[in-house]
Amino acid sequence: MQKHLHTSPRWARSALAGLALVGLIGLLAASGCINGESIESPSHDGFVADDSAAGSAYSRGHQAAIHNLKAAIPAAGDVLIAGGADASNRSLAAAEFYDPSAGRFVVTGSAGSSRAGASAAALSATQVMLDGGFSGSAAIKNFSLTLEGDVLSGAEIFDEATGAFSPAGKMAAPRLGSTATALNNSNGEILVVGGQDNLGNVLDTAELYDPAARKFIAVTNTMSDRRMFHTATLLLSGKVLVAGGATNLSGDTTSSADIYDPASNSFTPAIFPMDHQRAAHTATLFTSGPLAGKVLITGGVGGSSFFFKDSSAEIYDPASQEFILLSTFMNEPRSLHTATLLEDGSVLLAGGFSGSVAVSGGVLSGASGLTSNSAETFDPNTGDFTCVGGFNTETTRCNQSMSVARAGHTATLLATGPTPHRVLIAGGIGAADPAAHGAVLRSADLFNPAGGGSFSATGAMSNPRALHTATLLR
């Protein structure tokens, strides 16, 4: 099945690749092909993008909203939900927080720019930085794609004390599909890595945000590969493991990895690559137990011009810089899923897309597969993956355990309230039927690890959201 790009600007092609790799994978995978109905995702949401002539100034509409509506103030232990794509063809500037004590979402102040596919990291115990992302619109009909929008270079800071966002400066390059990692050092710095710019370039550069100077500083050298939709994991040593990702708009992925050292503000190529090429995968650091200091890498998609689904997993050992492929596999392939380290040291893997995607010249040309309504856990003591709710021998997949199938969602371990140590699963793209045409979701689930684990519905978000961010406030 083919579709053709009907817009010629370079930013349109740039946005296409990013959306094809992320949002459209989940949105379009239905019954083994791309659905020909009209589908739309992010647009400007009425606000001025930070890369426009207005720079990083907030729009008059945003100023009026702040003037007429006092933002609700979150507390420590709440979860900030920001940005994403909604169900009415818009990228969102609106933000809200989940209150575990009340089991509900509460609207707070809006950001200055609407953005989907942004990255976020805690700047301090009470502040969160959002950076990059895509602000624009995408419509698909009869296998044709029309796009309008920009990849953003600006960043904003959310302050828990006021419930408001403020400008945080601009990166040297616009970035979509990048990662943001808090280095947890005395300077409160955040490392922003890779992504794709407005000209269709996948980047091999990175920038360091200095909160004292409120500006971004270039990392002194480039990575060994260009990367978007990779992972970046803070190791116990304070270094950062950057692994995998897509390297261009033609559908190529990589197995390479780099190590960032904050002491020298530079990258060193990892001695060994991953066993599999991966993008849209997960990486989780074990902080205790038999695998303490090591990183679990799961799923994703990999290949060249064709993203093959992957149910494999591997462990990264910082001491040897080796990636060790596990002999056990997830019970189903997953990409755009979530991985959450639980209090008992196991890892919850939830939802995701289980299928394959073809890309040609930066254009999504075919997709087949399902969105997952299941979850499983990885036990570091045994190395086994176990389905939440059991395994279905007829479908050869985990049984349904979440309220709906979802990919491009968020998962956050709660720390306070009546449900500490539970996991908040919010939004994403999906439906009750894993094979059905996907929609942006408003719903949320809570995962309770007790007794083998179970999910229960909690309050719905004020906006449907996918490709948003979720950050625990401390």
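Modeller: C387 and C398 are both buried, where buried means under 20% relative accessible area, exposed over 50% and partly exposed in between, taken with a 1.4 Å probe on protein chains only. This is a predicted model, in which local features need pLDDT of at least 70, side-chain atom pairs count only at pLDDT 80 or more, and totals for chains, interfaces and linings use all residues. Residues are numbered from 1 along each chain as its sequence is written, and side-chain values use heavy atoms, with hydrogens and water left out.

C387 and C398 are joined by a disulfide, with 2.1 Å from S to S; the term stands for a pair of cysteine sulfur atoms within 2.5 Å. A disulfide is a covalent bond between the sulfur atoms of two cysteines. A search of the whole structure finds one disulfide. The pair links distant parts of the chain, eleven residues apart: C387 lies in strand β32 (residues 384–387) and C398 in strand β34 (residues 397–398). Strands here are DSSP runs of E with at least two residues, and helices are runs of H or I with at least four, numbered from the N terminus. The angle about the S-S bond is -70°, and the link of C387 and C398 is left-handed.

For a residue elsewhere, take D433, in the loop between β38 (429–431) and β39 (439–440). D433 counts as partly exposed because its relative accessibility is 43%. From D433 to T371 the C-alpha distance is 8.4 Å, while the two are 62 residues apart in sequence.
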